[in-house]
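Have a look at the picture, then read on.

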Amino acid sequence: MISRLLKNKDFWAGMMFAGFGVAAMFIARDYRFGSAMRMGPGFFPTVLGGILVAFGVCIMALGLRNGERIQGHVSLRTLGLLTLSLIMFGLLMRWAGFIPALVALVFLSAASGREFRFLEVLVLTVTLVVASVALFIWGLELPYSLVKGF
């Protein structure tokens, strides 16, 4: 039974949802909750955390019922490059600006896969940068510099 649980992908997905929900509720425990009419800073993370826990329990239950197993192996290259892409995005947002950070995020994330094609990733990067700048910088007027110094 235990070995079947350890290889059940829906069980682990449910655990991940529930874990993020519990973490959100734990972090927000010291914030003022408020009410539905006058929400405090702890209202949204607590309610969202509860919803994530509920989804997690449902997904775990479905996983126990159908028993779909994890197939394949864990790619350390993918895990490392995806983690590096997120770290680089955070660092480059501060040091280089929005556009270089987004370019690094897209290229490093795409490089983590087995089917990296430079031209396709370049087109994707340009499309995402233009759409993100239009939406976040011009549309929502977020205070990020496009490139450091501009």
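## Two helices side by side

Which residues in H4 meet residues in H5? Keep in mind that this is a predicted model. On the H4 side you will find Arg-77, Leu-81, Leu-82, Leu-84, Ser-85, Leu-86, Met-88, Phe-89, Leu-92 and Met-93. They meet Phe-98, Pro-100, Ala-101, Leu-102, Ala-104, Leu-105, Leu-108, Ser-109 and Ala-111 in H5. Sorted by class, this contact has 16 nonpolar, 2 polar and 1 charged residues.

How do the two helices lie? H4 covers residues 76-95 and H5 covers residues 98-111, and they pack at an angle of about 180 degrees, with axes 8 Å apart. H4 is therefore roughly antiparallel to H5.

Met-16, Phe-17, Phe-20, Phe-33, Phe-44, Val-47, Leu-48, Ile-51 and Phe-55 make a nonpolar patch of about 860 Å².

Helix H2 (9-27) and helix H3 (43-66) each supply at least two of the patch residues. The largest share, 5 residues, comes from H3, and Ile-51 lies in that helix.

Notes:
Residues are numbered from 1 along each chain as its sequence is written. This is a predicted model: local features need pLDDT of at least 70, side-chain atom pairs count only at pLDDT 80 or more; totals for chains, interfaces and linings use all residues. Side-chain values use heavy atoms; hydrogens and water are left out. Axes are lines fitted to C-alpha atoms, for helices over the stretch in contact, and angles run from 0 to 180 degrees between N-to-C directions. Helices (H or I, at least four residues) and strands (E, at least two) are DSSP runs, numbered from the N terminus. Angles under 35 degrees count as roughly parallel, over 145 as roughly antiparallel, 65 to 115 as roughly perpendicular and the rest as oblique. Contact means heavy atoms within 4.5 Å. Ala, Val, Leu, Ile, Met, Phe, Trp, Tyr, Cys and Pro count as nonpolar, Asp, Glu, Lys and Arg as charged, and the others, Gly among them, as polar. Patches are made of residues with over 30% relative accessible area and no salt bridge: like charges are joined within 9 Å, nonpolar side chains (Val, Leu, Ile, Met, Phe, Trp, Tyr) within 5 Å. Accessible areas come from the Shrake-Rupley method with a 1.4 Å probe; for residues, only the protein chains shown count as cover. A salt bridge is a side-chain nitrogen of Lys or Arg within 4 Å of a carboxyl oxygen of Asp or Glu.
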